[in-house]
Amino acid sequence: MAAITRAHPALLRRRRIASVVVGAILVASALGTLTLGDLGVTPADALGALVGAGDAGTVLVVQQWRLPRALLGIVVGALLALSGALFQTVTRNPLGSPDILGFSVGAFTGVLVVTLAGASSILALAGGAVGGGLVTATIVFALCARTGFGGFTVVVTGVGVSAMAAAVNVLLVVRLDDARARAAAVWATGSLNGAAAEWILPAALALAAGAVAIAALAPALHALEFGDERAAALGARPSATRWWAMLIGVALIAVATAVCGPIGFVALAAPQIARRVWRTGTIPFGASALVGASLLCASDLIASRVIAPVMLPTGLVTVCLGGLYLAWLLTRRERTRR
């Protein structure tokens, strides 16, 4: 007991340090987005431009062009991470993220459907994304209902459904006119390039609503990680909790997809990185959101500057990182099994 008592302050100190370090990475990435570019801006001038100080050109570049990108990177990264944390908790599988299970691809299918129908408003795109994500999630969970949601069954099912949704997306893109098809092809890789500032408020509201819902559902979700029988013994309702978590997770990933397309890796890795760095028994939702925002902002900064002046899609960087992470995770699981 004494050893546990001595270790407790050290663990709390580790978590505080982790929060500071990851927060510093997020701030540095956001500041890099504000300052780096064809028009170089010093950090002091960028901070001044945020409150309208400085010359008009700098204020225009920082406030109108770069600040929306930085804010969307933070909000969308948190949306992706929270969605991944929900689905990994529900499936009790570190591979059970919405991009692996196909929900982000399904959300993109919904966006393409409403685009093909001629809609272009934020409400229509968000509604299409939510509808597409819900349909995909319902298919995956229905196929896994008899075998359960643990293990690799749900992952393999999700990969199969994702492949079919991707094929449908190709058919939908072919039916678009040239201009919209090119835009959809770029959007399909996931990118913050040209992300509209009017998405900031809806995305932030979705994040706030999701955070409140997750906070209310958190005790049941943590109980669910110990298995359905133990969760029921602790007073949780596993089936209802799972479906509520699915609805919240799909809504979060759908909004993120509607903003900037299907961005991979962040929802997969952020919850597991947070779990290991913060050393929690269950997935920490707040830490996951912080890690997700940092990952997406840093990846977007790399994508925009690695071969400047050409700006790569953000999803290209996250997919490269995600491939390395996935290979490491599978190798680690195999070593643990042995």
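A salt bridge is a side-chain nitrogen of Lys or Arg within 4 Å of a carboxyl oxygen of Asp or Glu. In this predicted model, a search of the whole structure finds 1 salt bridge, and it joins the side chains of arginine 69 and aspartate 300, with 2.7 Å from N to O.

**The salt bridge and its helices**

- The salt bridge between arginine 69 and aspartate 300, at 2.7 Å from N to O, links distant parts of the chain, since arginine 69 belongs to helix H3 (residues 56-91) and aspartate 300 to helix H13 (residues 285-305), 231 residues apart.
- Are the two partners, arginine 69 and aspartate 300, buried or exposed? Both arginine 69 and aspartate 300 are buried.
- The helices that hold these partners also pack against each other, for H3 and H13 meet at an angle of about 135 degrees, with their axes 7 Å apart.

**Helix H2 against helix H3**

- Helix H2 (residues 43-50) packs on H3 at an angle of about 80 degrees, and the axes of H2 and H3 lie 9 Å apart.
- Because angles of 65 to 115 degrees count as roughly perpendicular, H2 and H3 are described as roughly perpendicular to each other.
- On the H2 side the contact is made by Asp45, Ala46, Ala49 and Leu50, while on the H3 side it is made by Thr58, Val59, Val62, Gln63 and Leu67.
- Sorted by class, the residues in the contact of H2 with H3 are 6 nonpolar, 2 polar and 1 charged.

**Helix H5 against helix H6**

- Helix H5 (residues 103-116) and helix H6 (residues 122-143) pack with their axes 6 Å apart, at an angle of about 135 degrees, and this angle makes H5 oblique to H6.
- The crossing of H5 and H6 is right-handed.
- The residues of H5 that meet H6 include Phe103, Gly106, Ala107 and Gly110, and among their counterparts in H6 are Ala124, Leu125, Gly128 and Ala129.
- The residues of the contact of H5 with H6 divide into 10 nonpolar and 7 polar, with no charged residue.

- Proline 68 lies in helix H3 and counts as buried, because its relative accessibility is 7%, which is under the 20% cut-off.
- Leaving aside its neighbours within four places in sequence, proline 68 is in contact with Val62, Gln63, Ala197 and Ile200.
- From C-alpha to C-alpha, proline 68 and serine 299 are 16 Å apart in space, although they are 231 residues apart in sequence.
- Serine 83 is likewise placed in helix H3, and it is buried, with a relative accessible area of 0%.
- Not counting residues up to four places away in sequence, serine 83 touches Pro98, Gly249, Leu252 and Ile253.
- Threonine 318 is found in helix H14 (residues 314-337), where it is buried, with a relative accessible area of 0%.
- Which residues does threonine 318 contact, leaving aside its neighbours within four places in sequence? Threonine 318 is in contact with Ile263, Gly264, Phe265, Val266 and Ser299.

**Two arginines with positive phi**

- Arginine 92 lies in the loop between H3 and helix H4 (98-101), and its phi is near 55 degrees, a positive value in a residue other than glycine.
- At 40% relative accessibility, arginine 92 counts as partly exposed.
- Arginine 279 lies in the loop between helix H12 (266-278) and H13, and its phi is also positive, near 55 degrees.
- Arginine 279 is classed as exposed because its relative accessible area is 53%, and exposed means over 50%.

Conventions. Residues numbered from 1 in each chain as written. Predicted model: local features only at pLDDT ≥ 70, side-chain atom pairs only at ≥ 80, totals over all residues. Heavy atoms only, no water. Axes fitted to C-alpha atoms, helices over the stretch in contact; angles between N-to-C directions. Helix = DSSP H or I, 4+ residues; strand = E, 2+ residues; numbered from the N terminus. Parallel < 35°, antiparallel > 145°, perpendicular 65-115°, else oblique. Left-handed = near helix turned anticlockwise from the far one by under 90°. Contact = heavy atoms within 4.5 Å. Nonpolar A, V, L, I, M, F, W, Y, C, P; charged D, E, K, R; others polar. Buried < 20%, exposed > 50% of the residue type's maximum accessible area, 1.4 Å probe, protein only.
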